[in-house]
Amino acid sequence: AWVGRRAVDITGYGYLLLARLAQEPDRVFSQVELLREVWGVDRPQRTRTVGSHASKLRSALRRAGAPEGHYVHVYWGVGYSLLGATA
C-alpha cells in the first residue's frame with residue numbers, strides 16, 4: 001500500500017483490512033462483518049483482533065503521511081471506517 005510516494009509498512013491482514021475499508025471508505029463496518037470478510041471467521045467471538053489491526057494500520061498510515069482524517073476511524077460499539085463516516 002502507498003500514501004502518495006511513500007510505502008506503508010503493514011502486515012498481510014493489515015493490507016486486507018485496508019483494502020476492505022477502502023472499497024467503501026465512508027461506510028462503517030461492524031467488527032462481525034470485518035471478522036467474517038477479512039479473517040474468514042464464521043462464528044465471531046469476543047476478540048481484539050480487528051481493534052488491534054485497526055490501531056496498527058492507523059499508525060502506519062500516519063507514519064506514511066496520510067492526510068489528517070484519512071485513517072481508520074473507530075466508532076465505539078458500532079464499527080470501523082476508513083474516512084470520517086457518520087455513524
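Me: Which residue forms a salt bridge with Arg27, and how far apart are the closest N and O atoms?

Reply: Happy to start there! Side chains of opposite charge can pair when their charged atoms come close. In this predicted model, Arg27 pairs with Glu33, and the closest N and O atoms are 2.2 Å apart. Glu33 is buried, with a relative accessible area of 16%, whereas Arg27 is partly exposed at 28%.

Me: What does the salt bridge between Arg20 and Glu37 tie together?

Reply: Their side chains meet at 2.4 Å, N to O. Arg20 belongs to helix 1 and Glu37 to helix 2, so the pair links parts that are 17 residues apart in sequence. Arg20 counts as buried because its relative accessible area, 15%, is under 20%. Glu37, at 35%, is partly exposed.

Me: Which residues do salt bridges that share partners join into one network?

Reply: Glu37 also forms a salt bridge with Arg36, with the closest N and O atoms 4.0 Å apart. Shared partners join Arg20, Glu24, Arg27, Glu33, Arg36 and Glu37 into one network. The whole structure has five salt bridges.

Me: Now the nonpolar core: which residues touch the most other members?

Reply: In the largest nonpolar core, of 21 residues, they are Leu17, Leu21, Leu34, Leu61 and Val72. Helix 1, helix 2 and helix 3 each supply at least two residues, and helix 3 gives the most, with five. Setting aside neighbours within four places in sequence, Leu17 contacts Leu34, Val38, Trp39, His53, Ala54 and Leu57.

Me: How confident is the prediction, by mean pLDDT?

Reply: The protein's mean pLDDT is 85, and 93% of its residues reach 70 or more.

Key. Residues numbered from 1 in each chain as written. Predicted model: local features only at pLDDT ≥ 70, side-chain atom pairs only at ≥ 80, totals over all residues. Heavy atoms only, no water. pLDDT = per-residue confidence, 0-100. Core = buried A, V, L, I, M, F, W, Y, C linked by side-chain atoms within 4.5 Å. Buried < 20%, exposed > 50% of the residue type's maximum accessible area, 1.4 Å probe, protein only. Helix = DSSP H or I, 4+ residues; strand = E, 2+ residues; numbered from the N terminus. Contact = heavy atoms within 4.5 Å.
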